[in-house]
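Dear colleague,

Please find below the structure I am handing over to you, followed by an account of what was found in it.

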Amino acid sequence: MDVIRTEKEITRVEDWAIEGIEDGSRYPGMSYEQGVLDALQWLRGDTDNAPDEE
């Protein structure tokens, strides 16, 4: 699998996710599995919608 995102992009999303864990989820209706799938699709470049974008 090729990861096309930069370290800076990944760190930004990681920080956003940590904030969501500490302050409460922004997506309480989404399953854990859907979140993992969305993140992997973004990392591979299958989608340009980063997990921290609405």
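A residue is called buried when its relative accessible area is under 20%, exposed when that area is over 50%, and partly exposed in between. Arg5, at 14% relative accessibility, therefore counts as buried. Please bear in mind that the model is predicted.

Salt bridges

The structure holds 4 salt bridges. In one of them, the side chain of Arg5 meets that of Asp48, at 3.4 Å from N to O. Arg5 belongs to the segment before helix 1 and Asp48 to the segment after helix 2, so this pair ties together parts that are 43 residues apart in sequence. In contrast to the buried Arg5, Asp48 has a relative accessible area of 61% and is exposed.

A second pairing to report joins the side chains of Glu19 and Arg26, at 2.8 Å from N to O. Glu19 is partly exposed, with a relative accessible area of 41%, and Arg26 is partly exposed as well, at 35%.

Arg44 forms a salt bridge with Asp46, and the closest N and O atoms of this pair are 2.8 Å apart. Here Arg44 is partly exposed at 33% relative accessibility, whereas Asp46 is exposed at 52%.

Helices

Helix 1 comprises 17 residues, which at 1.5 Å a residue should span 24 Å; the C-alpha atoms at its ends are 24 Å apart, so the model agrees with the expectation. Just after helix 1 comes Gly24, with a positive phi of about 110°.

Helix 2 has 13 residues, and the distance from its first C-alpha to its last is 19 Å, close to the expected 18 Å. Just after this helix, Gly45 also has a positive phi, of about 90°.

The largest pocket

Which residues lie closest to the centre of the largest pocket? The volume of this pocket is about 740 Å³. Its lining consists of 25 residues, and those closest to the centre are Trp16, Ala17, Gly35, Ala39 and Pro51. Two elements give two or more residues to the lining, namely helix 1 (7-23) and helix 2 (32-44). Helix 2 gives the most, with 8 residues. By class, the lining has 14 nonpolar, 7 polar and 4 charged residues.

With kind regards

Terms used:
Residues are numbered from 1 along each chain as its sequence is written. This is a predicted model: local features need pLDDT of at least 70, side-chain atom pairs count only at pLDDT 80 or more; totals for chains, interfaces and linings use all residues. Side-chain values use heavy atoms; hydrogens and water are left out. On a 1 Å grid over the protein atoms alone, a cavity is a set of points where a 1.4 Å probe fits but cannot get out, and a pocket is an open set with protein on both sides within 12 Å along at least five of seven lines; lining residues have an atom within 4 Å of a point. Grid points are joined across faces, edges and corners, and a volume is the space filled by probe spheres set on the points. Helices (H or I, at least four residues) and strands (E, at least two) are DSSP runs, numbered from the N terminus. Ala, Val, Leu, Ile, Met, Phe, Trp, Tyr, Cys and Pro count as nonpolar, Asp, Glu, Lys and Arg as charged, and the others, Gly among them, as polar. The expected span of a helix is 1.5 Å times one less than its number of residues. Buried means under 20% relative accessible area, exposed over 50%, partly exposed in between (1.4 Å probe, protein chains only).
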